[in-house]
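We will go stop by stop, with a short account of what to look for at each.

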Amino acid sequence: MKEYRTVTQIAGPLVFVEKTEPVGYSELVNIVTADGTVKRGQVLDTSDEIVVIQVFETTAGIGRDSGIRFTGETIKMPVGKDMLGRILSGGGKPIDGGPEIVPEKRLEITGAAINPYARASPADFIQTGISTIDGTNTLVRGQKLPIFSSSGLPHNDVALQIARQAKVPGSTEEFAVVFAAMGITREEANYFMADFEKTGALERAVVFLNLADDPAVERIITPRLALTTAEYLAFELGYHVLVILTDMTNYCEALRQIGAAREEVPGRRGYPGYMYTDLASIYERAGIIKGTKGSVTQIPILTMPGDDITHPIPDLTGYITEGQIVVNRDLHRKGIYAPINVLPSLSRLMNLGIGKGHTREDHKKVSDQLYAAYAEGNDLRGLVAIVGKDALSERDRMFLEFADLFEDRFVRQGLYEDRSIEETLDLSWDLLSTLPEEQLVRIDRELIQKYHPKYRKKAQG
Amino acid sequence: MKKGKENEAQGALKRISGPVVTAVGLNAHMYDVVKVGNEELMGEVIKIQGENVIIQVYEDTAGIRPGEPVTNTGLSLAVELGPGLLTSIYDGIQRPLEVLVNKMGNFIERGVSAPGLSHEKKWEFVPTMKVGDVVKAGDILGTVQETNIVHKVMVPPRSKGGKIKKIAAGSFTVDETVCVLEDGTEIVMLQRWPVRVPRPVKQKLNPDIPLITGQRILDGLFPIAKGGTAAIPGPFGSGKTVTQQQLAKWSDAEIVVYIGCGERGNEMTEVLTEFPDLEDPKTGRPLMERTVLIANTSNMPVAAREASVYTGITIAEYFRDMGYDVSLMADSTSRWAEAMREISSRLEEMPGEEGYPAYLAARLSEFYERAGRVINLNETGGSVSVIGAVSPPGGDFSEPVTQNTLRIVKVFWALDAKLSQRRHFPAINWLNSYSLYLDALNEWYDREVSPEWNPLRAWAMGVLQKEAELQEIVQLVGSDALPDEEQVTIEVARMIREIFLQQNAYDPVDTYCSMTKQYDMMKAIKHYADLARTAQTVGATPQQVISIKSKNELVQIKFTKDYEPMLAKIQKDMEAEFDAMRAA
């Protein structure tokens, strides 16, 4: 392989090389520094005069005397079944002291788009055991449902609880977890690892760790390596894979860093104009393919800078993913776990996975009614602050109390409490029965007569 | 794409930077389609700078090197038009996705081309013209039963026309000659039309017929005319996609073109799996038989996303030319604008507002201007109604795409995340939405629904507006502090919102509501309001009036198919209750 020593400029994570043979766009590059270390990079821009390389590790040690080797191929990831149970670096190298991965295949990490025609529609209800998700923001297999959180909130606990408890009721199919950490602290990573080890989840997990002190640019490939692995496990080996990506905010920061180094015209808040397309190339790698057994379900976690849901990162994410689970500071302050605010949360694929044959026939309408009643109660809190409780009508007082009850019984649950969907729905009816029956305008009479505790008791007595 | 041999020229690649590449030594014109690299990826010339030709590539460019060849086809980006369009599912550059699955498997690989129409399939052509007839551009020569829709075979718009020498019924592929003119011109069913050029019409008409959608808030309060333009801006999670899908399913256009531009894969799949199973309420046939879908998901190449809206509207215009009413949904035009921005930034163009190119407004208005109700070249009437979704970042309507769109479109359906959080669907805010077609459509409503409709609509809007004002007071002092009359107004407004405006897309009955039913429902609410007012003048308290039980039953009308007996009973009960109240 030819080695070039024609580096002309090094700026941040970018290395500029001139007078090369034709080099392919996106090609993998090895850079050999004076002391013999090999660093990896990727071609961002290529022409006959100059080639721009984005280096995945720190550029410390790279100089005009460094040797540049173009490998002639795009970045590929060796994958194999023995990856399960392994811990890899953010760049895909084993860091658990174990042997190298024995590759059964080498796959391109950019991953082609799934042909929409080849996709199967997600329909399998995943029970997470968390009422605010199962009851009102149902997750289904093949969905991408991010957790929008903020610093200081227990989003990791929520993600872990989902990873621990997620199952498709009545199904015994094999499933696996792919966990990709981008720029999180060693402490956070340990927290995840400890839980994986304790619950035995590690045996069926592949972990990619790019920690806070690892090179930022490496974060660009970490989620892609993780998803390439997930796709291999799902579509070639038939696993149902749950992918947890945390923290996507760090990923976007890395993207911005490269954009700035390339002196690109920035979009909103300095993030590159192509961030939507770039994020889509990650998030869209979830789904089910007709005629194959497995599935890829994604739970990306991101922290909203300044709790701001309109910030470009949560905003663009929300436009790509199929809903969002919003972790809320007020609920957390009230000491409620899991502090999920159902009002801005949403699962777009919920209707595909609930109802008769999936969960229970009353699920949709019960969920709508809970939402509506809680929203109304929540609005009234603002009013109470101004006029006091006494000025409210009786109806308003009932909704106000409902909102408190909802948070205290429906939202609040234990870190290890695994509620079945029946428990969640019955609990919902208990709460709804505190409201007068004629206020349950979103539920048809038949369902009320079948499930409302008042009639159920009668039927049993 | 066929090669135009006479214009063929070859050059070499000089620079590759993502979806934008530079070639040298190529004799090219703007918007020529070129083949890039050894794998012959499809691209389009978007800039010429000295000897550098800048090309946007519709496929992933990873691995392409400088020095690889670039070939100019000499043609501009065009779509294939003819029988076989309906029921098709295309990507942004009219490659049928089903064919692509067969050719390259479950993932979209590159370097595969596939014609938009089947060139093997035979269609039964029935002439409507005969030998000796004189035809001109656009004239209908005959028909093909494509699905349950009759496909009209037309003289291409740029043809000179002439006297028919030969025409006969028979089985033909789209490439076989169905008609020969005296001057020797052979006419085939296939037409190729460049997507960036509007197809010609004879005359544009004023829009004065509503596009009936079966959605109460749309037909009732904020109607769009056939041939009109509407925008649905909505922050994510406000039910925009469901609203668009409802429109595609239920609007009374004969043909639906649905463009999923930069949207979610799973959502496109929902459309793809749902449409074939859906029944067209008018014909009982699968809805798919009158639909063309274009799916370019967010992770498919960005340049093809840019092209997808043009591909879609060209197909829509083609069906309009046959005399059909076509409705086109573009979801979402913001993704389209972002594709423009992305390419513009790769071209290192001077950016306008928020990084969007300075020509954003021009491109948007050019696109929406292709809508309209028209008289075609062949004297038939047809229309293309365009409903574009806009996804304003952070729900901020002041951003350039939303603002530039609002300057063009006539109808605005303001989706509101607050409403969807309350599970008020469709989450269209009745205070911020508007339709500028109301005046033009008044006459139609008078004639086709009832002369009472327009006053009824005005009354409902008045109540809703009044409620908004009263709510401000209620927020401050509580509802008990309102005068008696206004307390009832609040109740009537609640009824309008919960009974009339809320509509459940997933309920088999409520998902579509005919104009007559809308009228009956609104009239029933008004009837209650009138009875309440009368009762109040003779001393009834607001609590008494509000506690009328039978009015709560009105909600059930929505979910009942043959609702008339139920409605009559509720009206009777209501009157009886008021009578009893008066007697007491």
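This is a predicted model: local features need pLDDT of at least 70, side-chain atom pairs count only at pLDDT 80 or more; totals for chains, interfaces and linings use all residues.

## Stop 1

Start by selecting helix H10 of chain B, residues 438-448, where Leu441(B), Trp444(B) and Tyr445(B) are buried. Their directions span an arc of only 100 degrees around the axis, so these residues sit on the same side of H10(B).

While H13 of chain B is on screen, pick out Asp530(B) and Lys526(B), which both lie in it, four residues apart, or about one turn of the helix. They form a salt bridge, with 3.6 Å between the closest N and O atoms. Asp530(B) is partly exposed at 38% relative accessible area, and Lys526(B) is partly exposed too, at 23%.

## Stop 1: where the chains meet

Next, colour by chain and select the residues in contact across the interface: 70 from chain B and 75 from chain A. About 6300 Å² is buried between the two chains, and carbon and sulfur atoms give 53% of that area. There are six salt bridges between chain B and chain A, and 31 residue pairs are in polar contact, counting pairs with both residues at pLDDT 80 or more.

H4(B) gives the most, with eight residues. By class, the side of chain B that touches chain A has 24 nonpolar, 24 polar and 22 charged residues.

For a close-up, centre on Glu27(A) and Arg65(B), a salt bridge whose closest N and O atoms are 3.5 Å apart. Then select Asp45(A), Arg262(A), Glu264(A) and Arg15(B), which are linked in a network of salt bridges.

## Stop 3

The whole structure has 75 salt bridges over all chains. Two in chain A are worth a visit.

Begin with Arg119(A) and Glu284(A), whose closest N and O atoms are 3.1 Å apart. Arg119(A) lies in strand E11 (residues 119-120) and Glu284(A) in the loop between helix H6 (275-283) and E18 of chain A, so the pair ties together parts that are 165 residues apart in sequence. Are these two residues buried or exposed? Arg119(A) is buried at 1% relative accessibility, and Glu284(A) is buried at 0%.

Move on to Arg360(A) and Asp426(A), whose side chains meet in a salt bridge of 3.1 Å, N to O. Arg360(A) is in the loop between helix H9 (350-353) and helix H10 (363-387) of chain A, and Asp426(A) is in helix H12 (residues 421-432) of chain A, 66 residues apart. Here Arg360(A) is buried, at 12%, while Asp426(A) is partly exposed, at 27%.

## Stop 2: loops in chain B

Select Asn376(B), in the loop between strand E23 (372-375) and strand E24 (381-390) of chain B. Asn376(B) counts as buried because its relative accessibility is 1%. Its side chain reaches the backbone oxygen of Arg320(B) at 2.7 Å. Beyond its sequence neighbours, Asn376(B) also touches other residues, including Val201(B), Lys202(B) and Met322(B).

Two cis peptide bonds come next. One joins Asp331(B) and Ser332(B), with omega about 5 degrees; Ser332(B) is in the loop between strand E22 (325-331) and H6 of chain B. Another joins Phe425(B) and Pro426(B), with omega about -10 degrees; Pro426(B) lies in the loop between helix H9 (417-421) and strand E26 (434-435) of chain B.

Finish with Gln94(B), which has a positive phi of about 60 degrees although it is not a glycine. Look for Gln94(B) in the loop between strand E8 (89-90) and H1 of chain B, where it is buried at 4% relative accessible area.

Definitions and conventions
Residues are numbered from 1 along each chain as its sequence is written. Chains are lettered from A and ligands numbered from 1 in the order in which they are written. Side-chain values use heavy atoms; hydrogens and water are left out. Buried means under 20% relative accessible area, exposed over 50%, partly exposed in between (1.4 Å probe, protein chains only). Helices (H or I, at least four residues) and strands (E, at least two) are DSSP runs, numbered from the N terminus. The arc is that of the directions from the helix axis to the C-beta atoms. Contact means heavy atoms within 4.5 Å. Buried area is the accessible area (1.4 Å probe) that two parts lose on being put together, summed over both. A salt bridge is a side-chain nitrogen of Lys or Arg within 4 Å of a carboxyl oxygen of Asp or Glu. A polar contact is a pair of N or O atoms within 3.5 Å; within protein, one must be able to donate a hydrogen and the other to accept it, and residues adjacent in sequence count only if both atoms are side-chain atoms. Ala, Val, Leu, Ile, Met, Phe, Trp, Tyr, Cys and Pro count as nonpolar, Asp, Glu, Lys and Arg as charged, and the others, Gly among them, as polar. Lists of a residue's contacts leave out its neighbours within four places in sequence.
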